[in-house]
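Please read this note with the model open beside you, and check each point against it as you go. The points move from the overall arrangement to single residues.

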Amino acid sequence: MLLKSKVEGKIKALKKLPMKTKIVIAVGLAGILLIFVSEMFPAKNTAESKSIPTESVATDDTDSYKKQIEKELKDVLSQVRGVGECEVMVTVEGTTEYVYAENLTKSTDNNGDRTSDRYENEIVITDNDSKKEALVRKIIKPQICGVVIVCEGGGDIKVNERVLKAVSTVLGISSSKICVEGRK
């Protein structure tokens, strides 16, 4: 009963308000109602988006690239005579870089004694399973900066030399960027 009388009191108070105030209140309530309704239904993005990898994708690719190199080195080095159990850590510089295929259009305009060239480049888009994606021409992996190997045979000079030579050959980096240490 108390609630019913409060509601009736509010309705009577609204009836006494000027027409402009009633319109403002009605528009505000309609806006709030639209916000609630829009939250119930997910928005459908009708605009076609070009799928170009973002920085987070590149970072994920870089991490997986690093982990893959570390795993492969660990597998290979554990097969080298005298190395035994080992752990490998690789450091890289930069992130994975994507180079996209582009259509380059050149147009030349001759105006009397003057010639001007105009260049336009457009990224090539492919349609895969009704999903548009940019065509990747080349993927540039990050550059390896250094490698640390901790292994059971790391205290032996002959084992160190074999590990340095193997890692330097596989990764194409100088032996000064490779550190081999013995396991405690």
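Predicted model: local features only at pLDDT ≥ 70, side-chain atom pairs only at ≥ 80, totals over all residues.

1. Residues are numbered from 1 along each chain as its sequence is written, and side-chain values use heavy atoms, with hydrogens and water left out.

2. The protein chain has four helices and nine strands, these being DSSP runs numbered from the N terminus (helices are H or I, at least four residues; strands are E, at least two). Read from the N terminus on, the elements follow the pattern α-α-α-β-β-β-β-β-β-β-β-α-β. Of the contacts in the protein chain with a separation of 6 or more, 64% are between residues 24 or more positions apart, contact meaning heavy atoms within 4.5 Å.

3. The pairing within the sheet can be followed strand by strand. Strand 1 and strand 8 pair in the antiparallel sense over eight bridges, and Val92 has Ile144 in strand 8 as its bridge partner. Strand 8 and strand 9, by contrast, run parallel and are joined by five bridges, with Val147 having Ile178 in strand 9 as its bridge partner. Between these two strands the chain passes through helix 4, and this β-α-β crossover from strand 8 to strand 9 is right-handed, which means that, with the strands pointing away from the viewer, the path from the first strand over the helix to the second runs clockwise.

4. The largest nonpolar core has 20 residues, and the members that touch the most other members are Leu77, Val147, Ile149 and Val167. Such a core is a set of buried Ala, Val, Leu, Ile, Met, Phe, Trp, Tyr and Cys residues joined through side-chain atoms within 4.5 Å. At least two residues of this core come from each of helix 3, strand 1 (86–93), strand 8 (143–151), helix 4 (157–171) and strand 9 (178–182). Leaving aside neighbours within four places in sequence, Ile149 is in contact with several residues, including Leu77, Val88, Val163, Val167 and Val180.

5. Is Thr62 buried or exposed? Thr62 has a relative accessible area of 5% and is therefore buried, a term used for values under 20%, whereas exposed means over 50% and partly exposed lies in between (1.4 Å probe, protein chains only). Thr62 lies in helix 3 (residues 55–77), and its side chain reaches the backbone nitrogen of Thr96 at 3.0 Å. Not counting residues up to four places away in sequence, Thr62 touches Val92, Gly94, Thr95, Thr96 and Pro142.

6. Lys141 lies in the loop between strand 7 (136–140) and strand 8, and it counts as partly exposed because its relative accessible area is 40%. Although Lys141 and Thr62 are 79 residues apart along the chain, their C-alpha atoms are separated by 7.5 Å.

7. Finally, please look at Thr105, which is found in strand 3 (residues 102–111) and is partly exposed at 46% relative accessibility. Leaving aside its neighbours within four places in sequence, Thr105 is in contact with Arg118, Tyr119 and Glu120. The C-alpha atoms of Thr105 and Tyr119 are separated by 5.6 Å, although these residues are 14 residues apart along the chain.

Technical notes:
Polar contact = N/O pair within 3.5 Å; in protein donor to acceptor, adjacent residues only side chain to side chain. Pairing = 2+ DSSP bridges.
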